[in-house]
Amino acid sequence: MNLSSGRKNLVWVLILILTLLAGGGYWGYNNVRVSTEALEKKISGLAAGAINIQDRKAVQTIADINEALLSERYLKSTTNIQATFKTFTDKWRSAGKLPQKDVTAFQKEMDDKFSIALAYCTNLKWNQFMAILYIWLIYMGALYLFMYTDLLRDIVGNNTRIQGQDIYNENNNCPTDTQAPYSLSRTQLAVWITIISSLYLYAILWDEKKITEINNTALLLMGISAGTFAIGAILDTTEIQQGTPRNQDEPSSKWFLKDILSDEKGISVHRFQNVVWTIVAIIVYFYRYANPPAGQEDNLPVLDSTLLALTGISSATYLTLKARENGPSPDMIKILKISLAPDSGLSDAVKANLAKNGFPGASITISSVDGTNPVHPVPDTAKPGFDFLASNIKAGTYKITATWSGTIDGQKVDLKSEKQGLFDNTANTTNPVILPMK
């Protein structure tokens, strides 16, 4: 969807604020927190029955519980648990069932361990803060590039309809925001880079996973997406160099999904299946992180070989058919040249001026007879004020309209010319369409 510059900036600021608040809320609620309700309940029960504890076996049980506390990855608060332990030792001491020195020694041991636990929780809390901050920066950086740069857009050749549309918009005081369509392979690569890098940081800093190396799943996913992008870029560059008519040289539809799912014939099944399998892989990737198989707890998600193979096959299918998306048509006019010339009915002074200076900034539109599907030629670099070029137009009946406004000898001059007819392969750079401006 296309947004004006002001609305885009507003959306960007709102997203920044909302995601910052959401990240802060997530950190504030979840940092250093795995609920220790069960541990507190067990300790409280022991404290309530402290008078019945009479031997060192019970003391060892409490010590085991304290060790479990230290091994917990998330700890909501040490205050309540420490108070519970104090209540327990107070009752234990008042019961007088064990020597006072044993009670005092055990309470000191617990206090020391709580100090260690508190320091651990404080460090982990700030590690988790850094995890949220880094991930926020990664996603916001990716979103900024998505919104304000051509990072995810296809590359285009010269003399494209995009270029012609921009020139037309500029000459007619229209917003010059014509852009290339979004690229499926670029989007796929950017998505996997963002997901894998952010999840890696989350695993290390938030969950404290002992990841020693990036696993094969992450490498294969990055390799598949990077390979798809690289081969797709080679195909695009080759087509541009060969002057092949390309759907990607058309202006963006302004809808992200429509761009990445469409070829020259519209929504295509090979692009659709690639998007679907990419989404499936992403969902399973996140699910496997939250629910790792036994033995994979300290690792990045591991996807089964079948799903990875399907992802690779999906990308290979997309590339195979992408190579056939664009191609010359027998009824395609590769380059249509339009030359503007002063009409014989103009005054000699005006004709002389135009013959010398041409029609810089002229607006030319090639459209169907009913005015639909407009194409805007670009100035020929050899004679930019006189000749204009439109590339890769299907032969057919068109209406060509040219307008020009300028000042000659202090007087404003408005000129226009129209020509309608059947244009085929005989209309080219060696046999241009002449439009007399009058």
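Visitor: Which residues do ring pairs link into a cluster with Tyr26?

Guide: In this predicted model, ring pairs join Tyr26 with Tyr202, Trp206 and Tyr289 in a cluster. One of these rings, that of Tyr289, also has the charged end of Lys209 sitting over it, 4.0 Å from its centre.

Visitor: How many aromatic pairs does the structure hold, and what describes such a pair?

Guide: A pair of aromatic rings is described by how far apart the centres are and by the angle of the planes. The structure holds 14 aromatic pairs. In one of them, the centres of the Trp27 and Phe129 rings are 5.4 Å apart and the planes stand at 70°, so this pair is edge-to-face, the angle being over 60 degrees. Because Trp27 belongs to helix H1 and Phe129 to helix H5, the pair ties together parts that lie 102 residues apart in sequence.

Visitor: Is Trp27 buried or exposed, and what about Phe129?

Guide: Buried means under 20% relative accessible area, so Trp27, with 18%, is buried, whereas Phe129, with 33%, is partly exposed.

Visitor: Where do Phe359 and Trp404 lie?

Guide: The rings of Phe359 and Trp404 have centres 5.7 Å apart and planes at 85°, so they too form an edge-to-face pair. This pair links distant parts of the chain, since Phe359 is in the loop between helix H12 and strand E4, while Trp404 is in strand E7, 45 residues apart. Phe359 is buried at 0% relative accessibility, and Trp404 is buried with a relative accessible area of 8%.

Definitions and conventions:
Residues are numbered from 1 along each chain as its sequence is written. This is a predicted model: local features need pLDDT of at least 70, side-chain atom pairs count only at pLDDT 80 or more; totals for chains, interfaces and linings use all residues. Side-chain values use heavy atoms; hydrogens and water are left out. Rings of Phe, Tyr and Trp (its six-membered ring) pair if their centres lie within 6.5 Å; planes under 30 degrees apart count as stacked, over 60 as edge-to-face and the rest as tilted. Helices (H or I, at least four residues) and strands (E, at least two) are DSSP runs, numbered from the N terminus. Buried means under 20% relative accessible area, exposed over 50%, partly exposed in between (1.4 Å probe, protein chains only). A charge sits over a ring if NZ of Lys or CZ of Arg is within 6 Å of the ring centre and within 35 degrees of the ring normal.
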